[in-house]
Amino acid sequence: RAEMRRIERMTEVLDLEDDQVALVREVLEDSHAQARALMREQDAERRAALTALRDETEARLAGILTPAQMQQLDEAREARRERRGERRAARREAGFARMAERLELADSQLEPVREILEDGMHRGREIMEEARASGGDRASAREALAEVRAETEAALETVLTPAQMERFLAFREARGEHGGLRRQRGGPALR
């Protein structure tokens, strides 16, 4: 179970004492159970509740761990975020490479296509962040994302041949109906 591996890693990295292991396990299991329950809540309520839960978990851990252990925990979290970002970038790059191969992009097309797609991805991400911050108006976000998608396609049409554009649209369609709001998180057609 992922939660057990997390506790084992924390025990090892933070050199926890036996009594700390039991307390940390209790805090994390309780927090995990509450987070699972919150995942069923509505968007704005869920985000606020998850933020409060994270803050509470952090405070409870601070009451158990020494300052040095809290510092180590913060450093381990930051390292995990960096690794996650690196893996995400590698997946995005691998997806771009697969797409470039399927579209048979010429070397001169690689950077313009990459820039167009990255621009669409960043704009989509901004729309989603704004929707989250304003309480999650999904209908408006969907409309804005559809506009970004249309603008991205129009920009691609200036770089791709008609045959490549047709393959691009087929490539994106083959990714399935899991797109929608989720697609923008990783960027249009980059995964």
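Entry 1: I looked up Glu104 and found it exposed, with a relative accessible area of 59% (exposed means over 50%, buried under 20%, partly exposed in between, with a 1.4 Å probe and protein chains only). I note that this is a predicted model, in which local features need pLDDT of at least 70 and side-chain atom pairs count only at pLDDT 80 or more, while totals for chains, interfaces and linings use all residues. Residues are numbered from 1 along each chain as its sequence is written, and side-chain values use heavy atoms, with hydrogens and water left out.

I then found that Glu104 forms a salt bridge with Arg167, the closest N and O atoms being 4.0 Å apart (a salt bridge is a side-chain nitrogen of Lys or Arg within 4 Å of a carboxyl oxygen of Asp or Glu). Arg167 lies in helix 7 (residues 162-174) and Glu104 in the loop between helix 4 and helix 5 (107-133), so the pair ties together parts that are 63 residues apart in sequence. I recorded helices as DSSP runs (H or I, at least four residues) and strands likewise (E, at least two), numbered from the N terminus. Arg167 is partly exposed, at 32% relative accessible area.

**Entry 2: Other salt bridges.** I found 11 salt bridges in the structure. Among them is the pair of Arg77 and Glu58, with the closest N and O atoms 2.6 Å apart. This pair links distant parts of the chain, as Arg77 is in helix 4 and Glu58 in helix 3 (residues 43-64), 19 residues apart. I noted Arg77 as buried, with a relative accessible area of 16%, and Glu58 as partly exposed, at 24%.

I also examined Arg114 and Glu111, whose closest N and O atoms are 3.2 Å apart in a salt bridge. Both residues are in helix 5, three residues apart, and are therefore separated by about one helical turn. Arg114 counts as buried at 16% relative accessibility, whereas Glu111 counts as partly exposed at 41%. Salt bridges with shared partners join Asp30, Glu56 and Arg60 into one network.

**Entry 3: The chain as a whole.** I counted eight helices and zero strands in the chain. Of its 191 residues, 32% are buried. I looked up contacts (heavy atoms within 4.5 Å) between residues at least 6 apart in sequence, and 59% of these join residues at least 24 apart.
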